[in-house]
Amino acid sequence: MYISYKKLWKLLIDRNMKKKELAEKSGVSTYTLSKMGHNESITTDILVRICKALDCGLHDICEIERNNISNTK
C-alpha cells in the first residue's frame, strides 16, 4: 500500500491554484511538494499545514492505495 496525493492535485486544478501558490500559502517547500508528486512519504505536520491552507480535511487531499504487485514467498 502507498499514499496517493491525486486528490490534492485535482483540488488545486479545481481551485485554479498552482503548486507554487500552495507552497507560499502553506509554508511547505516546493521540494516537499515535489516529493508528494512522486507519492513519497511526508510528515503529518505538513499534511495538516496544507489542509489549513486549503481549508479542507485529510480525506480531501490524500488516500491510501493498494499496490497491484503481490508479494510471494
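Read along the sequence, the protein chain follows β-α-α-α-α-β. This is a predicted model: local features need pLDDT of at least 70, side-chain atom pairs count only at pLDDT 80 or more, and totals for chains, interfaces and linings use all residues. Residues are numbered from 1 along each chain as its sequence is written, and side-chain values use heavy atoms, with hydrogens and water left out.

Colleague: How many helices and strands are there in the protein chain?

Modeller: Helices (H or I, at least four residues) and strands (E, at least two) are DSSP runs, numbered from the N terminus. The protein chain has 4 helices and 2 strands.

Colleague: What share of the protein chain is buried?

Modeller: Buried means under 20% relative accessible area, exposed over 50%, partly exposed in between (1.4 Å probe, protein chains only). The chain has 73 residues, and the buried share is 37%.

Colleague: Which residues of α1 are buried, and why do they lie on the same side?

Modeller: An α-helix has 3.6 residues a turn, so residues three or four places apart point the same way. In α1 (residues 6–14), the buried residues are Leu8, Trp9, Leu11 and Leu12. They share a side of α1 because they cover an arc of only 160 degrees around the axis, taken from the directions from the helix axis to the C-beta atoms.

Colleague: Which exposed residues does the opposite face of α1 carry?

Modeller: This face is turned away from the buried side of α1. Its exposed residues are Lys10, Ile13 and Asp14.

Colleague: What do the buried residues of α1 pack against?

Modeller: Contact means heavy atoms within 4.5 Å. The partners of these buried residues are α2 (19–26), α3 (30–37) and α4 (44–54).

Colleague: Which residue lies over the face of Trp9?

Modeller: A charge sits over a ring if NZ of Lys or CZ of Arg is within 6 Å of the ring centre and within 35 degrees of the ring normal. At 4.3 Å from the ring centre of Trp9 lies Lys19.

Colleague: Is Ser4 buried or exposed?

Modeller: Ser4 is found in strand β1 (residues 2–4). Its relative accessible area is 0%, so Ser4 is buried.

Colleague: Which residues does Ser4 touch, beyond those up to four places away in sequence?

Modeller: A polar atom of the Ser4 side chain lies 3.3 Å from the backbone nitrogen of Lys6. Leaving out residues up to four places away in sequence, Ser4 touches Asn39, Ile61, Cys62, Glu63 and Glu65.

Terms used: Polar contact = N/O pair within 3.5 Å; in protein donor to acceptor, adjacent residues only side chain to side chain.
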